[in-house]
Amino acid sequence: MKYLLCFLLLIAKTNAVDVGSFTTRPAITEDLDVLYELVCELAVFEGKDLESLPVTKANLFHYGFEGIPYFHVELAENQNGIIGYALYSYVYSGHQGTPFLYIDDLYVKPSERGRGIGTGLLKRLAQYAKEVGCCRMEWHAFDWNEGAISFYENLGGTLRKDLLLIRMEKEAYHQMAE
């Protein structure tokens, strides 16, 4: 186990990208505690109640680090430790015939914002998307988060007002499945 941990840490360091005052790298199992903390910080920022938040370290491990992962995580770190993350996955576009990279979470600690960290994480994901041959990158932002919307637009992102997000929550799709 000790050798496996050393190997995983070596791989993470090898895949790290230096973007100035911070680096980005893929998350490894040993990052699970800090990843969970960051996911909870983002949830609080978005106004969610931590007591009713269904995410656990166990399901982050199961779906992200065990077997075939359902998601990937890129971490940003500097001399203060891990300071942000992007949680993403690949989805296939039937009409494009290629995958696209979908970003579910992009979060930088408030004390570290304004230093290019979010841009660095997005740049790294853009590199991954290019390597895979994705037709696009896609994500959502809350309409009340004007800072995020402005940030994304300044990077070249466009708001699609012709597309609406349609979501079927667990209770509804369970009912439909019966």
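Q: To start with R25: is this residue buried or exposed?
A: R25 counts as buried, with a relative accessibility of 7%. Buried means under 20% relative accessible area, exposed means over 50%, and partly exposed lies in between, using a 1.4 Å probe and protein chains only.

Q: What kind of model is this, and how are residues numbered?
A: It is a predicted model, in which local features need pLDDT of at least 70 and side-chain atom pairs count only at pLDDT 80 or more, while totals for chains, interfaces and linings use all residues. Residues are numbered from 1 along each chain as its sequence is written, and side-chain values use heavy atoms, with hydrogens and water left out.

Q: Which residue does R25 form a salt bridge with?
A: R25 pairs with D31, and their closest N and O atoms are 2.7 Å apart. A salt bridge here is a side-chain nitrogen of Lys or Arg within 4 Å of a carboxyl oxygen of Asp or Glu. D31 is also buried, at 7% relative accessibility. A network of salt bridges links R25, D31 and E77.

Q: How many salt bridges does the structure hold?
A: There are 10 salt bridges. One of them joins K48 to E46, with the closest N and O atoms 2.5 Å apart. K48 is partly exposed, with a relative accessible area of 38%, and E46 is partly exposed at 26%.

Q: What does R124 pair with?
A: R124 forms a salt bridge with E74, where the closest N and O atoms are 3.8 Å apart. Because R124 lies in helix α4 and E74 in strand β3 (residues 72-78), this pair ties together parts that are 50 residues apart in sequence. Helices (H or I, at least four residues) and strands (E, at least two) are DSSP runs, numbered from the N terminus. Both R124 and E74 are buried.

Q: How many helices and strands are there in the chain?
A: The protein chain has 6 helices and 6 strands. Along the sequence they follow the pattern α-β-β-α-α-β-β-β-α-β-α-α. Of the 178 residues, 31% count as buried.

Q: Turning to α5, which of its residues are buried?
A: In helix α5 (residues 146-154), the buried residues are A148, I149 and Y152. They line one face of the helix, because they fall within an arc of 100° when seen down the axis of α5. The arc is that of the directions from the helix axis to the C-beta atoms. On the other side of α5, E146, G147 and N154 are exposed.

Q: What do the buried residues of α5 pack against?
A: They pack against β5 (98-108), α4 (117-132) and β6 (137-139); contact means heavy atoms within 4.5 Å. After α5 comes G156, whose phi is positive, near 110°.

Q: How many disulfides does the structure hold?
A: The structure holds 0 disulfides, a disulfide being a pair of cysteine sulfur atoms within 2.5 Å. C135 is in no disulfide, and the nearest cysteine sulfur, that of C134, is 6.9 Å away. C135 counts as partly exposed, at 30% relative accessibility, whereas C40 is buried at 11%.

Q: Which residues form a nonpolar patch on the surface?
A: The patch consists of F45, F142 and W144, which together have about 300 Å² of accessible area. Patches are made of residues with over 30% relative accessible area and no salt bridge, where like charges are joined within 9 Å and nonpolar side chains (Val, Leu, Ile, Met, Phe, Trp, Tyr) within 5 Å. Accessible areas come from the Shrake-Rupley method with a 1.4 Å probe, and for residues only the protein chains shown count as cover. F45 belongs to helix α2 (residues 32-45).
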